[in-house]
Amino acid sequence: MKTIPVPLKENAYKIVIGNNSLLKLGVQLKSLKIGQDAVIITNPFIKRLHGKAVIEGLKEKGFTTKVLEVPDGEKSKSAKVAFQLMEMIAKYDCLKKVFIIALGGGVIGDLAGYVAAAYKRGIPYVQVPTTFLAQIDSSIGGKVAVDLPVGKNLVGAFYQPKVVWSDTGTLSTLDERQIRNGLSEAVKYGIIYDKKLFHYIAQNYQELLEGNSKGLHHVVTRCSQIKAEIVAADEKETRGVRVILNFGHTIGHAIEAAGKYDYYQHGEAVALGMRVAADISHQSGLLGSVEVAQINQVLSDIGLPEKIQKIRMENILTIMKHDKKFITGKNRFVLATQIGKVKVLENIPLPVIKKAIQTYM
Ligand SMILES: NC(=O)c1ccc[n+]([C@@H]2O[C@H](COP(=O)([O-])OP(=O)(O)OC[C@H]3O[C@@H](n4cnc5c(N)ncnc54)[C@H](O)[C@@H]3O)[C@@H](O)[C@H]2O)c1
Ligand SMILES: [Zn+2]
């Protein structure tokens, strides 16, 4: 098992990456001393796949367990579901010392983390991420949230878990589209921070897509280290460091929203966003055409989209315009200066943005 520290001043914790390690979570929790009564928030599908190992391991160590299930999918990341969960926990809570286990992908992690942050002004929780995306991204860094009908992640908090327990063995049940989505974010880490990781993915994408466990373990480990370092440098996104994680996300989010969160999955939209961001970087004189081609190549090799389909340029721009930060006044883009390094640039002219989007329409 690999342990990666997230060295925050007040809320330090560890990311523990193992393979078939769910059974051992109880041992870890015992040493954390965060309570005896575990409320496991998950969905029925993940419970069937991985619930038993978690529950058995906890019971062996003397924990009581209660499982609260929510329906699968982003719709469960709502205020309504969050408050239903809090009511259930409140009824269960008397005379207990409850903590929460988020067992699932990013939806469960964000939702359960938000419940933990809000209930009684905060109770301990742990992240047990079971998707590739959740293991390399959403479970680390303490951003927890639920969606409102008008927009995603609008109600939330920075609330750090007590541990992130990543079992890469759980990734064997993911389908290829989910692996591809996670790889899109892993490529992002390569571009913003680590040339070696970028080339590792470029060379090993086939094995990774096939679910090669050693390869996935390596990528999860490296991405977790990178995210931990970035979060440690800028826990609450106030120092301009954490913003680099948004590479490809400005346009990517707009594409995702323009497709009504249905046509493109997050990693796919981010891949298109990274293509556009690389183009803007090139037009701004920051990034060479060889690097732009390398970025496009690895995304294509992974099987991520090459063209923005079924979405009109105006739609993307309208959504970005609503995000006042980006078009009126000073827009801000994270741009690459080489593979492994980025910088933030403001006031990118609209024609440059449009030209870059047009290249991928
Ligand atoms: N908090 C953050 O910093 C952050 C960062 C990125 C994304 N997010 C959020 O994460 C969410 C997306 O996360 P996601 O991509 O994990 O989606 P998800 O949580 O919806 O999971 C995707 C699907 O995989 C299933 N699944 C989970 N584990 C599985 C397993 N081991 N085997 C097979 N299937 C499994 C789920 O039931 C679901 O159907 C979004 O809501 C996004 O906003 C948060
Ligand atoms: Zn993302």
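Predicted model: local features only at pLDDT ≥ 70, side-chain atom pairs only at ≥ 80, totals over all residues.
I looked at strands 10 and 11 first. Strand 10 (residues 332–338) pairs antiparallel with strand 11 (residues 341–346) over six bridges; strands are DSSP E runs of at least two residues and helices H or I runs of at least four, numbered from the N terminus, and pairing takes at least two DSSP bridges. I checked R332, and its bridge partner in strand 11 is E346. The two strands make a hairpin with two residues between them, and G340 in the turn has a positive phi of about 110°.

Residues are numbered from 1 along each chain as its sequence is written, chains are lettered from A and ligands numbered from 1 in the order written, and side-chain values use heavy atoms, without hydrogens and water.

Next, ligand 1. I found 25 residues around ligand 1, with E74, T130, T131, T173 and Q178 the closest (near means a heavy atom within 4 Å). For polar contacts (N or O pairs within 3.5 Å), I noted side-chain atoms of E74 at 2.6 Å from a ligand oxygen, K152 at 3.0 Å from a ligand oxygen and T173 at 2.7 Å from a ligand nitrogen. The protein covers 83% of the 860 Å² of accessible area that ligand 1 has on its own (Shrake-Rupley, 1.4 Å probe).

Which element gives the largest share of the shell around ligand 1? Helix 2, with four residues; I have helix 2 down as 44–60.

Methods:
Polar contact = N/O pair within 3.5 Å; in protein donor to acceptor, adjacent residues only side chain to side chain.
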